[in-house]
Amino acid sequence: MEIARLTIDQVRDALASRRVSAVELATEALRFAQAENPKTNAYLHFCPERALQAARRADDRIARGEDPGPLGGVPLAVKDVILTKGVRTTCASRLLARYIPPYDATAVIRLEQAGGVILGKTNCDEFAMGSSNENSAFGPVRNPVDLDRVPGGSSGGSAAAVSQGTAVVALGSDTGGSIRQPASFCGVVGVTPTYGRVSRYGLVAFASSLDHIGPFGKTVKGAATLLQVIAGRDEMDSTSAFAPVPGYVAAMDGNVRGIKIGLPREYFRGLASETGDLIARGVEVLKKLGCQVSDISLPATEYAIPCYYIICTAEASSNLARYDGVRYTTRSRSPESLIDMYRSTRGEGFGAECKRRVMLGTYVLSAGYYDAYYLKAQKVRTLIARDFAEAFRQVDAIVTPVSPFPAFKLGEKVDDPLEMYLSDIYTITGDLAGIPCMSVPCGRTAQGLPVGMQILTNHFDEAGMFRLAGAFEEAGGFTVG
Amino acid sequence: MKITEQEVRYVADLANLKLAEEEVQRFARDLDGILTYMDKLNELDTSDVEPMAQVLYDAGETATLRGDSERRTLDNETALANAPLPGAGYFKVPKVIER
């Protein structure tokens, strides 16, 4: 049993046959993750006490002859924007460097009830704002595939940990691509479920009409198993959906013959050749499986980036107003007045990207500009959602690239915020429409860099998305090229 | 020019952000580029389009309401545990009222 390549199924088998105990496995997984972490900085901190406690619970259940749960004894990681009671949660921000949450996120409660063992909290862009993980106050994450390159962002630590093998699965969060883009850069599976599918109670808010919690896995089944556990209505989050949660792994029956797939023209125009070639090969795999592939159009695509960056910064400026030095953040030393305390605390505490977005959001919401920016963007968002609704009358799923290019070098794009924003073009549309979408590995470039293929389906059809992704994986799609 | 340095200072005040002089210059440049790009939305005629105020809602209007029954919330000590300056069961801040 090689720790870095462990899957949920292997853990279940090993525990069931008593070859290893959950405590032994957690101890070894912690030792391995702590030894490997300096290479990538994927974890910000570990929580060995909590991990061993969860492992003991799994062992107790097994000793009593009970099922340890769908994640029984599985070592996993949680992005550090998701609250863990008694375990530091920093959002990769100086402001929350010492913050110890007084409660657990619903997703965390559910995955521990399912037997999961949280090893630690993963690095990310500060308050989940970024596409490269270079905006962390605690240093960037390095891509385990090539340590000179970024892992993507904002959930770069979770993607890197799964790719590096220091977590079997992981939780991330996605507002404009923060799960799928790092999954594609690190060569793992990353899923953004339907808006409201997973409770956000205990997810630190960035842009509330766009925020999602979602899973990372090495395999489609791993990600589907984790989503199964955390999905479903939660009365602590009034935006969480009532729709019943079907069996995701059971849906992965391999039968995708006759499934209609649309390729949106707007996503393939001007696409860098290597990424485009690999996606084309991925599409060939789907055709061989019997899928019917056709071109479709999503005409409002070119307006998605300005639309997204108006809405997300407006919501962020409001959500981040709470970090004022009074209740739970660090506070500026010896302020002259109350207002100076707010301003100095925030000026010293936020990194450059958070400040930029708070400034943009405040500007677009300010008197005289609201109609021109925020209201306009909300109308354009309607058009983008309408495009998808129209497309799903013709096709069952949409397939696109995840990112215009594979992982770039650290520092390469850090000086040009607009260029960084433009790289989110293929992932933000799914968030704006609130539909489920995921990244699956689709081969590697000549330099060995992973490329991700995006699959999008209609609201609440995660099962259809997993069926397609599972069949693609089974047919060798992850390693095309 | 979409935004001047003076406007950047005004917005920073609205956002309660103290910015260094070089940050003001940097953000004036950055925001100008980004806001110019955002003008692209004006190419679209949206006069007949409803704004998307609700992403997705799959239940009846009152489905998220619960019974008006008492529940446990954080106790005082827990609520203050992360405060940078707690005192006598409160959050302490610089004085705002002159005697």
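A residue is counted as buried if 20 or more other C-beta atoms lie within 10 Å of its own. By this criterion, buried residues make up 16% of the 99 residues in chain B of this predicted model, while 62% of the 481 residues of chain A count as buried.

The overall form of each chain was examined next. The secondary structure of chain A comprises 17 helices and 11 strands. Its C-alpha atoms occupy a box of roughly 65 × 55 × 45 Å along the principal axes. The radius of gyration of chain A is 21 Å, which agrees with the value near 23 Å that a compact globule of 481 residues would have.

The C-alpha trace of chain B spans about 50 × 50 × 25 Å along its principal axes.

The contact between the two chains involves 56 residues from chain A and 42 residues from chain B. On the side of chain A that touches chain B, at least two residues each are supplied by α11 (304-319), α12 (338-349), α13, α14 (371-394) and α15 (417-422). The largest share of this side, 11 residues, is provided by α14(A). Classified by residue type, the side of chain A that touches chain B has 30 nonpolar, 16 polar and 10 charged residues.

One pair of helices illustrates how the chains meet. In general, two packed helices are described by the angle between their axes and the distance between the axes. Helix α13 (residues 352-365) of chain A packs against helix α1 (residues 5-14) of chain B at an angle of about 95°, and their axes are 9 Å apart. An angle of 65 to 115 degrees counts as roughly perpendicular, and α13(A) is therefore roughly perpendicular to α1(B). On α13(A) the contact is made by A:Met359, A:Thr362 and A:Tyr363, and on α1(B) by B:Val11, B:Ala12 and B:Leu14. This contact of α13(A) with α1(B) has 5 nonpolar residues, 1 polar residue and no charged residues.

Attention then turned to the interior. Nonpolar side chains tend to be buried together in soluble globular proteins. The largest nonpolar core in the model has 165 residues, of which A:Val169 and A:Ile455 touch the most other members. Helix α11(A) gives the most to this core, with 10 residues. When residues up to four places away in sequence are not counted, A:Ile455 touches A:Ala397, A:Val399, A:Cys437, A:Met438, A:Val440, A:Met465, A:Leu468 and A:Ala469.

Residue A:Met453 belongs to strand β11 (residues 450-457) of chain A. With 28 other C-beta atoms within 10 Å, A:Met453 is buried, because the cut-off is 20 or more. Leaving aside residues up to four places away in sequence, the contacts of A:Met453 are with A:Ile279, A:Gly282, A:Val399, A:Pro401, A:Val402, A:Val440 and A:Cys442.

A cis peptide bond, with omega of about 10°, joins A:Gly153 and A:Ser154. Of this pair, A:Ser154 lies in the loop between β3 (117-122) and α5 (156-164) of chain A. The loop between β3 and α5 of chain A also holds A:Phe127, whose phi is near 50°, a positive value in a residue other than glycine. A:Phe127 counts as buried, with 28 C-beta neighbours inside 10 Å.

A positive phi, of about 55°, is likewise found at A:Cys91, which is not a glycine. This residue is placed in the loop between β2 (75-79) and α4 (106-113) of chain A. A:Cys91 is buried, with 27 other C-beta atoms within 10 Å.

Notes: Residues are numbered from 1 along each chain as its sequence is written. Chains are lettered from A and ligands numbered from 1 in the order in which they are written. This is a predicted model: local features need pLDDT of at least 70, side-chain atom pairs count only at pLDDT 80 or more; totals for chains, interfaces and linings use all residues. Axes are lines fitted to C-alpha atoms, for helices over the stretch in contact, and angles run from 0 to 180 degrees between N-to-C directions. Helices (H or I, at least four residues) and strands (E, at least two) are DSSP runs, numbered from the N terminus. Angles under 35 degrees count as roughly parallel, over 145 as roughly antiparallel, 65 to 115 as roughly perpendicular and the rest as oblique. Two residues are in contact if their C-beta atoms, placed from the backbone, lie within 7 Å. Ala, Val, Leu, Ile, Met, Phe, Trp, Tyr, Cys and Pro count as nonpolar, Asp, Glu, Lys and Arg as charged, and the others, Gly among them, as polar. A nonpolar core is a set of buried Ala, Val, Leu, Ile, Met, Phe, Trp, Tyr and Cys residues joined through C-beta atoms within 7 Å. A residue is buried if 20 or more other C-beta atoms lie within 10 Å of its own, exposed if 12 or fewer, and partly exposed in between; C-beta atoms are placed from the backbone. The radius of gyration is taken over C-alpha atoms; the globule rule is 2.2 Å times the number of residues to the power 0.38.
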